[in-house]
Amino acid sequence: MRFSSKLSKLPPYLFSEIDRAKREAKAKGKDVIDLGIGDPDQPTPDFIIKSLCEAVKDPSNHRYAMDQGSPGLRNEIANWYRRKFGVELNPEDEILALIGSKEGIAHLPFAVNNSGEINLVPNPGYPPYRNASILAGAEVFEMPLLEDNGFLPDLKAVPSSVLNKAKIIYLNYPNNPTSATATYEFFQEVLEFAEKYDLIVAQDMAYSEIVYDGYRAVSILEVDKEKRRSIEFHSLSKTYNMTGWRIGWVCGNKEVIGALAKFKSNIDSGIFQVIQDAGITALRDGDDYIRTMQAIYKTRRNVFVEGLRSIGFDVDYPKATFYIWMKVSGSSIEFAKQALEKADIVCTPGVGFGKYGEGYVRFALTLNPDRLKEAVERLKRLR
Ligand SMILES: *Cc1c(COP(=O)(O)O)cnc(C)c1O
């Protein structure tokens, strides 16, 4: 059989060897400490589950949902945005519910790109920006995120031959995998750049609430006040431990939102209304829970970073996200292999997020402090 040639343009899956070694270690009964995947270990909070259980009893919730999200959900998203960022959104045409933010991130290029256009994507970065662009028939220019530049893209380094054909610039702050954050001034610079070259700014804010030490993440819509060209993706996945539920949204420029909504209306039929109702509860009543969650990750961050430093690794305390992005000497795949072989620890090699991720590994803080201490103890074997 022959399949779409676009599939063969996607990069090979880099982690197959590490996945195999991980399965083998677990099968042998080894006590594996898995800090590989960015999937919260904590359960979805009870008040959200209760809301789901109530909502599922209502037969009107069993029917097809409204594609763009229920009016109740879109109103609650508007309230949430006002409360968090002081940004006003029109629920009618500036908010679109998504079946998880990955879904919208990946469908965006199908809705807006024409062939020959180039999307600017971060490297290292969350793979869908790049891979969905390629699947949609666009080309990509990978913007290096380098430590020297605070893991922000150097906009001046994008060649003018690229800029002539550029369409979307994908950004993701607070950032996965580097845990870097962006300032208001950086977003101002992005908007000037986007204005000059007529780009759509697609900023992924999945980690907006996973912040520490009084840091508050800035929304691109605080800067692009008129919503001239920016959209922002949000997710309930990390904020409320709801990764399996599949609910998120995109908001901002209504032309772009409209194009994505039109595309999606031909592909899916919205989010199960029961989950939308539980999502309303999460967004409306979840602020206390967010503080609890932040305290949990902060303790883990402190224990793990302190531990890593005490055994001589070069690592900073991130201001946001639940990732530790750590510099290693030599190949990141080799480090991850050694960690698994010598210490039964799973981490993600940076090169899996793109070639500029080489020389780093990512740990996800998805285990309790005792396990993180144990991980540090075992990592001594790699020193
Ligand atoms: C986890 C994550 C998401 C969220 O994806 P969902 O589809 O909403 O679960 C989006 N962007 C980044 C960078 C992520 O790490």
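Helix α5 (residues 101-112) comprises 12 residues and reaches 17 Å from its first C-alpha to its last, close to the 16 Å expected at 1.5 Å a residue, where the expected span is 1.5 Å times one less than the number of residues. Helices (H or I, at least four residues) and strands (E, at least two) are DSSP runs, numbered from the N terminus. The model is predicted, so that local features need pLDDT of at least 70 and side-chain atom pairs count only at pLDDT 80 or more, while totals for chains, interfaces and linings use all residues. Residues are numbered from 1 along each chain as its sequence is written, and side-chain values use heavy atoms, with hydrogens and water left out. Within α5, the buried residues (under 20% relative accessible area, with a 1.4 Å probe and protein chains only; exposed means over 50%, partly exposed in between) include Ser101, Glu103, Gly104, Ile105, His107, Leu108, Pro109 and Val112.

An open sheet is formed by three strands in the order β9-β12-β11, with antiparallel pairing, two strands being paired if DSSP finds at least two bridges between them. Its edge strands, β9 (323-327) and β11 (348-349), each pair on one side only. Between β9 and β12 (residues 360-364) the antiparallel pairing extends over five bridges, and Lys327 stands opposite Tyr360 in β12. Helix α12 (residues 287-310) lies across β9 and β12 and runs at about 10 degrees to β9; axes are lines fitted to C-alpha atoms, for helices over the stretch in contact (heavy atoms within 4.5 Å), and angles run from 0 to 180 degrees between N-to-C directions.

Rings of Phe, Tyr and Trp (its six-membered ring) pair if their centres lie within 6.5 Å, planes under 30 degrees apart counting as stacked, over 60 as edge-to-face and the rest as tilted; by this rule the count comes to 19 aromatic pairs. Tyr207 and Phe322 form an edge-to-face pair, at 5.5 Å centre to centre and 90 degrees between the planes. This pair links distant parts of the chain, 115 residues apart, with Tyr207 in the loop between β6 (200-204) and α9 (220-223) and Phe322 in the loop between α12 and β9. Both Tyr207 and Phe322 are buried. The ring centres of Tyr297 and Phe322 are 5.1 Å apart and their planes lie at 40 degrees, so this pair is tilted; Tyr297 belongs to helix α12, 25 residues from Phe322. Tyr297 is buried, with a relative accessible area of 1%, and Phe322 counts as buried at 0% relative accessibility. Elsewhere, Trp80, Tyr81, Phe85 and Trp249 form one aromatic cluster.
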